[in-house]
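Me: I would like to work through this structure feature by feature. Please give the general idea each time, then the case at hand.

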Amino acid sequence: MKFAGITAFALTAGIFASLSAHAAGAAPDISGTYWATTYSPKVQVMDGGEPPLNEAGRAAYQKNQAGLKDGSVIDKARRVCTPDGLPRVLATPYPFEIFQTPADQVTFLYEMNHQTRTVLMDKPLPTLESLITEPLYNGHSVAHWDGDTLVVQTIGFNDRTFLDATGLPHTDEMIVTERIKKTGDQLEDIATIHDPQFYTRDWQARFVYRQRNDVRLEDYACNDTHRDLSGIAGVRR
Amino acid sequence: MRMRSLLAALMLSAACAIPTLAADGPATGAPPGLNLSAPGVAWMGFVAPKEPNYAIARTFNDYSNPPSGLGPVSDGPAHPYANNEVAREMRTAPTYRVADLDNDSGKNLMPWVREALQKQNELALRERNGETREARCWETGVPAFHLNPGAMRIVQTPKEVVLFLVGRTRHIWLNVPHSRNPKPSWYGESVGHYEGDTLVVDTIGFNDKTFVDSYRTPHTDKLHVVERFRLIDGGNTLEVAFTVDDPGAFYKPWSGTRNRHKVVNPNNRLIAEPDCAEANDDYFNIGLEPVPTAAKPEF
């Protein structure tokens, strides 16, 4: 009874808080242009250590690594510039832009290969089954505000991408949850990877960007001479 | 007690906030007559008519002529063009595009442009390399950006207008002058401003790697395009009227229009991913140019 009452209160308070935030146009403003200062070809697990691959995942990773080396597996995201997928796109050493208009949608636009992510606000996460005929490289995303943190959930990926540039694998049943928060001119995105077919547990990677509204996104085409990335630690061209 | 007062406070704050519900959310900077980015709105380059209609089918992925003056390169009586939509609706065989070099628009081409088109015409007549650059996953440039028949989605902010069209993206920077020396790029440097309910966009700073149309008409880096975006037909049609000037390729500026039709589906907001290069090889060996391919991973 007491528990139910508290739950009901929490729910009510949550709904009102959310309503008032939205009604007042007070959804936190994270719009603008951002740019990482470092790049790592290998995804960095947040608590250190290696990504917790299970046996099937390890086999897939070894196959990708060997294939990338001998050319039997092609990194299409870099060869013909198909989209990176999550969380690889979050590691981009290029700038990206966030739009919060219209109000019930957040759009991420990445300079690298002008990849876009459409994030619908306050919609339920679709089921895997409902997306089986329309998987996307960067998945289907919904989000809500948890206080000052944008919580983005993404599902419905295809299985043509790697989690990072080393060929870390995933399945098309992966679900990625990101907690995105702006503090001063810094944007932090903590991504949780849920893919029990290839990993023994959920694991996290953290990406940090600096707001750079002085930077304009540029055009990007495969095999162009692209923008100078010499300021981004870890980029080897 | 304490809980109740907290709840009351929350309800009060929600109630206070209600009047602002009518507000349109974040500022777009757009005039009321040119709101192009309402939730679920997309601008389709082509909507099939209920009954077969040649004139409409022809607009599938082509410019329309301007109300007056010199228009874009087009097909001619010797080789009438049938796009896939014309073929479908009129039950004919589709053809590749062969440019008419003897009409007014053809005569407006400088000799090197004419020569390039003659070569392309010969290829197309041999059914080689007849696909558009866009179909081969190349960035289109301007105004060819507008030719895609698919869904354009638009984001408007006070600082910029961003056009998303089937995996391609253009930025229009609002209320700023051109840079002194814009770095040559596929879509150039677009600056824009609103004139009443019209968005006027001026673009320079192009590279010379794109074609200005689907006939593969080349241009130089002196290309200068002015586009005027406005709503007509009671807000149901987005008209893009443009003028193309290139003193290195055309004797005189020419113009064209491209209309997009409003569709509203609040359940579909998706902006298409740039996945053109997936499974897009020249499987039938018909002389298609390769999709843009990096010699090695760039980093």
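Predicted model: local features only at pLDDT ≥ 70, side-chain atom pairs only at ≥ 80, totals over all residues.

**Reading pockets, barrels and rings**

Me: How much space lies in the second largest pocket?

Reply: About 600 Å³. The pocket is lined by 25 residues, and those closest to its centre are B:Asn61, B:Arg97, B:Glu131, B:Thr132 and B:Ala135.

Me: Now the strands. In what order do they close into a barrel in chain B?

Reply: The order is β1-β2-β3-β4-β5-β6-β7-β8-β9, nine strands with mixed pairing. From one strand to the next, the twist averages 30°. Look at one contact within chain B: β5(B) pairs with β6(B), residues 198-204, in the antiparallel sense over seven bridges. There, B:Glu195 stands opposite B:Thr198.

Me: How many strands form the closed barrel of chain A?

Reply: Nine, running β1-β2-β3-β4-β5-β6-β7-β8-β9, with mixed pairing. The twist averages 30° from one strand to the next. For a strand pair in chain A, take β6 (residues 149-155) and β7 (residues 175-183): they run antiparallel and are joined by six bridges. A:Thr149 has A:Lys181 in β7(A) as its bridge partner.

Me: On to the rings. How many aromatic pairs are there over all chains?

Reply: A pair of aromatic rings is described by the distance of the centres and the angle of the planes. The count comes to 15 aromatic pairs over all chains. One of them joins A:Tyr199 and A:Trp203: 5.5 Å centre to centre, 50° between the planes, hence the label tilted. Both A:Tyr199 and A:Trp203 are buried.

Me: What angle lies between the planes of B:Phe145 and B:Tyr187?

Reply: The angle is 85°, and the pair is edge-to-face, with 5.8 Å centre to centre. B:Phe145 lies in the loop between α5 (111-125) and β2 (151-156) of chain B, and B:Tyr187 in the loop between β4 (168-174) and β5 (189-195) of chain B, so the pair ties together parts that are 42 residues apart in sequence.

Me: Are B:Phe145 and B:Tyr187 buried or exposed?

Reply: Both B:Phe145 and B:Tyr187 are buried.

Me: Which residues form one aromatic cluster with A:Tyr34?

Reply: A:Phe96, A:Phe108, A:Tyr110 and A:Tyr209 form one aromatic cluster with A:Tyr34.

Notes
Residues numbered from 1 in each chain as written. Chains lettered and ligands numbered in written order. Heavy atoms only, no water. 1 Å grid on protein atoms, 1.4 Å probe; cavity = no way out; pocket = protein on both sides within 12 Å on 5 of 7 lines; lining within 4 Å. Points joined across faces, edges and corners; volume = space filled by probe spheres on them. Pairing = 2+ DSSP bridges. Helix = DSSP H or I, 4+ residues; strand = E, 2+ residues; numbered from the N terminus. Axes fitted to C-alpha atoms, helices over the stretch in contact; angles between N-to-C directions. Phe/Tyr/Trp six-rings, centres within 6.5 Å; stacked < 30°, edge-to-face > 60°. Buried < 20%, exposed > 50% of the residue type's maximum accessible area, 1.4 Å probe, protein only.
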